[in-house]
Amino acid sequence: MKNNGRFDRTFANRMNELVRLYRGPHEGSNLFTCLLGLLLVPGEEAWSRVPEEPLSILHRWGINRRSIRKIGTCPCGNEHPRTLRHLVEILRNAITERRFDLLHANGTLTGLEFKDASGFHAVFKTADLRRLVEKLSEHVGGSRARGDTGDTDFVASWQREPFHRRSCKWVRRIRRRNRLGVATRREAIRAGHRPCKTCRP
Ligand SMILES: [Zn+2]
C-alpha cells in the first residue's frame, strides 16, 4: 500500500464515513478500528494538518477535559500533552506500544484507557471517541464529510437508521446537514441502514 497524501485523505474520508454511517451491534469495535486506522495509517504530512491548538479547546474536538486524568511530564521537564497534535502523538505511541486497555461492560466496548511512562493517563468514553475520530478524519481527510452531493440514488441520515430513494417524501424531513448520499443499496445496508418502509429502496 502506497502511503502518499492522496491515499491518506481517501483513507481518512472513508473512516469518517464508516464512523458516521454505521449504527449496529459492532458500533464500538467499528469505532475502535477506525481510531486505530486513523492513528496508525496516515503519514507525517497528514498529521501536519492536525492543529496545534491548546488543550483548552479539547471540548470542541468532542473530548471531555476530564477524560484526561493526568497530563504527565516530558523527560524535558515540560508538561504534556500541551496541544491537540501532541495529544494525538501520545495516543499514537500508546497504540503502537500497546499501552492501552479496552473498557467493556456487558460485552460492549464502552471506552479506551491510555497510560504511559510519563504519567499520562486518559479514559475516553465511546461517545467522546466517536467525536474525536470524526474530527481527526475531517482534518486528515482535508475536508468535511462528504454529506449529500445530490447525485446519488439513495439518501440516508447520519442520525437515523432508514435509507430512502431520493424521491421519498421522508428525505425532505432529514435536515440538510444530516443527509448523506449513498450510491447503492448494498452500501447503505453494509453501513447499518435499513430500507425505508414507505419508498422501499
Ligand atoms: Zn423512504
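**Exercise 1.** Determine whether F114 and F124 are buried or exposed, and classify their ring pair.

*Solution.* Step 1: F114 and F124 are both buried, where buried means under 20% relative accessible area, exposed over 50% and partly exposed in between (1.4 Å probe, protein chains only). The model is predicted, so local features need pLDDT of at least 70 and side-chain atom pairs count only at pLDDT 80 or more, while totals for chains, interfaces and linings use all residues. Residues are numbered from 1 along each chain as its sequence is written, and side-chain values use heavy atoms, with hydrogens and water left out.

Step 1: Rings of Phe, Tyr and Trp (its six-membered ring) pair if their centres lie within 6.5 Å; planes under 30 degrees apart are stacked, over 60 edge-to-face, the rest tilted. A search of the whole structure gives four aromatic pairs. In one of them, F32 and F100 have ring centres 5.8 Å apart and planes at 50°, so this pair is tilted. The F32–F100 pair joins helix α2 to strand β2 (residues 100-105) across 68 residues; helices (H or I, at least four residues) and strands (E, at least two) are DSSP runs, numbered from the N terminus.

Step 2: F114 and F124, at 5.8 Å centre to centre and 65° between the planes, are edge-to-face. F114 belongs to strand β3 and F124 to strand β4, so their pair ties together parts ten residues apart in sequence.

Step 3: F32, F100, F114 and F124 make up one aromatic cluster.

**Exercise 2.** Which residues of the largest nonpolar core touch the most other members?

*Solution.* Step 1: A nonpolar core is a set of buried Ala, Val, Leu, Ile, Met, Phe, Trp, Tyr and Cys residues joined through side-chain atoms within 4.5 Å. Step 2: Of the 36 residues, those are L35, L39, L87, L91, F114, F120 and L136. Step 3: Helix α4 gives the largest share, seven residues.

**Exercise 3.** Where does I63 lie, and what does I63 touch?

*Solution.* Step 1: I63 sits in the loop between α3 (44-47) and β1 (68-70). Step 2: I63 counts as buried because its relative accessibility is 1%. Step 3: Leaving out residues up to four places away in sequence, its contacts (heavy atoms within 4.5 Å) are L58, L87, F124, D128 and L132.
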